[in-house]
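Hello,

Here is the model I promised to pass on to you.

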Amino acid sequence: MGELSLTTFDWVPEQPRGFVRDLRVRWALEEAGLPYRVDSVPFADRSPEHFSHQPFGQVPWLRDGALSIFESGAILLHLAERSESLMPRDPPGRSRTIEWLFAALNSVEMASLPWALVRFSGDTTPSPGRAQLDAFLDIRLRHMETVLSERDWLTHRFGVADILMVDVLRLVDRFEGLAHHPACRAYLARGTERPAFAKPLADQMAHFALADERRTHRL
């Protein structure tokens with residue numbers, strides 16, 4: 001394996017800061033104690049080189065030597081294969097971790113992201129579509145509430161699946177979506193109180209704050 005290089009945007013607007021998905025990768029790298037550097041690509045002008053690494057023009061992607069990996073879930077699984085602190089090596093523990101990693105993406109984030117995007121838009125107009133999004137997310141959160149009322153972490157110990165699930169739930173909590181789900185909110189607090197979470201969050205916010213300064217000087 002080679003040097004690890006994480007690529008994110010050089011700048012983003014205020015609203016998504018603290019929630020850009022390079023954060024979940026930074027967090028995993030910090031938990032695993034893996035050295036890495038952060039590179040950036042323009043937010044406003046996405047080049048063919050950008051699309052060669054991320055075919056949808058998004059971030060993040062990770063370079064591991066000659067290997068380039070896009071999609072945060074795939075990156076997290078790759079890092080988990082490198083570090084036992086992120087995923088156990090025994091087959092049952094590995095299997096449980098992988099299924100919860102996919103559950104965070106396919107069962108919870110699939111419901112939470114459309115719901116959150118409506119709230120980001122500022123549109124508060126009641127509609128049948130919004131009611132369906134609310135109901136879909138509530139079903140998923142009620143199932144998570146049952147799971148998290150019985151355990152501290154998704155598997156027998158904290159791991160990469162928790163990094164992803166906590167990050168998914170953070171966006172829900174930003175809009176008070178966990179108000180009636182105390183076990184989910186307690187789980188979120190356990191995750192975000194970890195020292196390895198605080199540093200990448202601060203680093204991401206500082207990265208975009210520095211970009212603001214550079215943009216100001218160019219004006």
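First, some housekeeping. This is a predicted model, where local features need pLDDT of at least 70, side-chain atom pairs count only at pLDDT 80 or more, and totals for chains, interfaces and linings use all residues. Residues are numbered from 1 along each chain as its sequence is written, and side-chain values use heavy atoms, with hydrogens and water left out.

The chain has eight helices and four strands; these are DSSP runs numbered from the N terminus, with helices being H or I of at least four residues and strands E of at least two. From the N terminus on, their order is β-α-β-α-β-β-α-α-α-α-α-α. The radius of gyration is 18 Å, close to the 17 Å of the globule rule for 219 residues, so the chain is as compact as a globular protein of that length. Here the radius is taken over C-alpha atoms, and the rule is 2.2 Å times the number of residues to the power 0.38. Buried residues (under 20% relative accessible area, 1.4 Å probe, protein chains only) make up 45% of the 219.

Now the sheet. Its four strands form an open sheet in the order β2-β1-β3-β4, with mixed pairing; two strands pair if DSSP finds at least two bridges between them. The edges are β2 (36–41) and β4 (67–70), each pairing on one side only. Strands β1 (residues 4–9) and β3 (residues 61–64) run antiparallel and are joined by four bridges, with Leu6 opposite Leu62 in β3.

Two helices lie across this sheet. Helix α3 (residues 72–82) lies across β1, β3 and β4, at about 130 degrees to β4, while α8 (residues 195–218) lies across β1 and β2, at about 55 degrees to β1. Axes are lines fitted to C-alpha atoms, for helices over the stretch in contact (heavy atoms within 4.5 Å), and angles run from 0 to 180 degrees between N-to-C directions.

Finally, the cores: sets of buried Ala, Val, Leu, Ile, Met, Phe, Trp, Tyr and Cys residues joined through side-chain atoms within 4.5 Å. The largest has 52 residues, and Leu79, Leu86, Trp100, Met144, Leu154, Met165 and Tyr187 touch the most other members. Apart from it lies another core of seven residues, including Val20, Val41, Trp61 and Phe208.

Best wishes

Methods:
Buried means under 20% relative accessible area, exposed over 50%, partly exposed in between (1.4 Å probe, protein chains only).
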